[in-house]
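Let's take a walk through a protein structure together. Keep the picture open as you read, and look for each part as it comes up.

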Amino acid sequence: MLDEVKGFQVTLKRLFAPKLTQEYPEERRAMMSRFRGLPALRADPETGEALCVACGLCARICPTSCLEMHVVPSEEGDRELGEFILKSGRCLFCGLCSQVCPVDAITMSQEYELAVFDREGLVYTKTELAAFGAQGETWWEAGVGADHQQTNARNRFDPNRHVMENLRD
Amino acid sequence: MEPTKTEFNVMESTQTDYSGTLMVEDEHELASGERVMTLNMGPQHPSTHGVMRVLLKLDGETVIECDPMIGYLHRGTEKLSETKRYAQIVPWTDRLDYTAAPQNNLGYVLAVEKLLGLNVPERAQYWRVIMVELSRLASHLVWLGTHALDIGALSMSLYTFREREMIMDIFETFCGARLTTNMMEIGGFSRPLPDTLIEQIRNFLRVFPNRITEYTDLLTANPIWLARTKGVGVITPEAATSYSLTGACLRGSGINYDIRKADPYLVYDQLDFEVPLGQFGDVFDRYLVRVEEMRQAHKIITQALNYIEHDDRPMMAYESAYVMPPHMGTMTTAEDMQRHFVWVIKGFSAPIGEVYHAIEHGKGEFGIHIVSDGGSMPYRMRIRTPDYVNLGVLPHMAQGAMLADMVALIGTIDIVLGSVDR
Ligand code: SF4
Ligand code: SF4
């Protein structure tokens, strides 16, 4: 008999406990600093220039091929980024693109309200992506203290090791 | 164009084909003198946990025969994997059992690491255990909430989802996503730990034991819960083994088989935990087993966290062509940058061979079988998901059951259709 009353005790206790739910559009929960939202392009915080060097690694690792890059010759005879398109309807929000970028030019922004009225709206161009991410940190660095970055940075860096040893062909 | 007469007929005949693989004819004479009734439960039934159709043959309210029809959520993950390089497949595994993505990730990366012969640092192994056990909790909490909801304890899901929310927050802090985590990487973890992570896990560990007591207070002595679960859906130990059940469905029938004990992977052999067993193999026993598994998972996380908390060794296997070079290296040295480009653009060539690796997933044995022909993509990848195999026992359990118990029977197997259909 006593056991059966226990259930009511739990319910009664909850009745007076603080409320946990949030009423979404009015109240917004703060996303974690590492939250993976829409991929976005970063810019140099000082000069404001886009960081991307048009190497194409992000487009190459993307499991759904949703990144499209156009490379154009630059004035200095080098190559630079022409148009950069993200077809976000196919994006898995996996973060691989930003993980492989050698210059941290692409990151995962905090943008998550991505509903649009037609499919055209799911295609983001370079300017739009830059608007989302220009000021952002690299997503996995946000929320990591300086000492942590030293001690457990992505596999610790040791300039003296012999890297070529184990390379297979 | 106007459809011709024959085209129209073809469409009609496929639409009315409900026969499945059932043996009982509609014209079959029943002892009661009634006719057999064919009923479709699903594909969009709230208690089928996804999109599944159960075809039932009924004598009044008693189930004579049933046939689960699956495939509504088939996305061809296995075939898709043959066109992706090894590192690209991890995000696809999230989408198998979407209530427990880190466990799917782990099953896949362990299989690949076995193929490559890669040693993962101890610290990464402990963190993998912590994340996987959290994910086991999340998966069990979803199961408990929805299972109770199916049976009629509507408020249960509010309690379990409250704790699940804390786990989702931990995942979000750790890797940036809540459901489709893409958390594990071949070789360990390449990202540093966020500052608030350990505190968050500690907070969760502190409150969780009381919350489990709340669940059991609400259910274990609840007369309605007992009446709906005790003696329902009994699976004998013989049936459990002959249907190749794994996970709580097997242990609920009293058979002691847990891959974490039987064939330890990661660091499970260094952790102290018990494998709970059921006695009668009914729905209630499987409930008790899963609740006790939650207590054990709590114990495992506490031990692992105590051991690894102040550790600052590297988390990624390095000096290997199989893993991405350190990020700092890529940005500063030519060798690492070249390796990085090769790793991303070409992928690595895996050794030729065949591996199978199984882990104890929250739902049972989750195994990945990879056949490698020496290229950068698997030649063939087969995913053995626990709920697909466990679902096979449903027709056996349902024979002679009441129609109202079908929801309890589907719930007790703990299926997620993303994982059944792959
Ligand atoms: S997040 Fe993943 S799917 Fe989306 S663009 Fe980046 S790599 Fe592609
Ligand atoms: S990987 Fe980075 S630098 Fe290379 S193309 Fe992509 S965004 Fe640009």
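What pLDDT does chain B average? The average for chain B is 83, and 91% of its residues score at least 70. Here pLDDT is the predictor's confidence in each residue, on a scale from 0 to 100. You are looking at a predicted model, in which local features need pLDDT of at least 70 and side-chain atom pairs count only at pLDDT 80 or more, while totals for chains, interfaces and linings use all residues. Residues are numbered from 1 along each chain as its sequence is written, and chains are lettered from A and ligands numbered from 1 in the order in which they are written.

One stretch of chain B needs some care: over residues 1-17 the pLDDT is below 50, and beyond near neighbours in sequence this stretch has one contact in the model. A contact means that the C-beta atoms of two residues, placed from the backbone, lie within 7 Å. Where pLDDT is low, the predicted coordinates should not be read in detail. For the model, the scores are ipTM 0.79 and pTM 0.84.

Now for the overall build of chain B. You can find 18 helices and six strands in it; helices (H or I, at least four residues) and strands (E, at least two) are DSSP runs, numbered from the N terminus. The C-alpha trace spans about 85 × 60 × 40 Å along its principal axes. How does the radius of gyration of chain B fit a compact globule? With 422 residues, such a globule would come out near 22 Å, and the 24 Å of chain B agrees with that. The radius is taken over C-alpha atoms, and the globule rule is 2.2 Å times the number of residues to the power 0.38.

Of the 422 residues in chain B, 50% count as buried. Buried means that 20 or more other C-beta atoms lie within 10 Å of the residue's own; exposed means 12 or fewer, partly exposed is in between, and the C-beta atoms are placed from the backbone. Take the contacts in chain B with a separation of 6 or more: 69% of them join residues 24 or more positions apart.

Chain A has 169 residues, and 30% of them count as buried. Its five helices and five strands run α-β-α-β-β-α-β-β-α-α from the N terminus on. For contacts in chain A with a separation of 6 or more, the share from residues 24 or more positions apart is 74%.

Next, look at the ligands. Ligand 1 is surrounded by 14 residues, and the closest are Cys62(A), Cys91(A), Leu92(A), Cys94(A) and Cys97(A). To be near a molecule or strand, a residue must have its C-beta atom, placed from the backbone, within 6 Å of it. The shell around ligand 1 divides into 12 nonpolar, two polar and no charged residues. In this count Ala, Val, Leu, Ile, Met, Phe, Trp, Tyr, Cys and Pro are nonpolar, Asp, Glu, Lys and Arg are charged, and the others, Gly among them, are polar. Around ligand 2 you will find residues including Cys52(A), Cys55(A), Cys58(A) and Cys101(A), and that shell has 11 nonpolar, one polar and no charged residues.

Cys58(A) also turns up in the largest nonpolar core, which has 135 residues; Cys58(A), Cys97(A), Val112(B) and Leu394(B) have the most contacts inside it. Helix H5 (residues 122-151) of chain B gives the most to this core, with 16 residues. Such a core is a set of buried Ala, Val, Leu, Ile, Met, Phe, Trp, Tyr and Cys residues joined through C-beta atoms within 7 Å. Not counting residues up to four places away in sequence, Cys58(A) touches Leu67(A), Cys97(A), Val100(A), Cys101(A) and Ile106(A).

Let's finish with some single residues. Is Gly418(B) buried or exposed? Gly418(B) is buried, because 23 other C-beta atoms lie within 10 Å; you'll find Gly418(B) in helix H18 (residues 417-421) of chain B. By contrast, Asn119(B) is exposed, with 12 other C-beta atoms within 10 Å, and sits in the loop between helix H4 (101-116) and H5. Asn119(B) and Gly188(B) are 69 residues apart in sequence and 9.1 Å apart in space, C-alpha to C-alpha.
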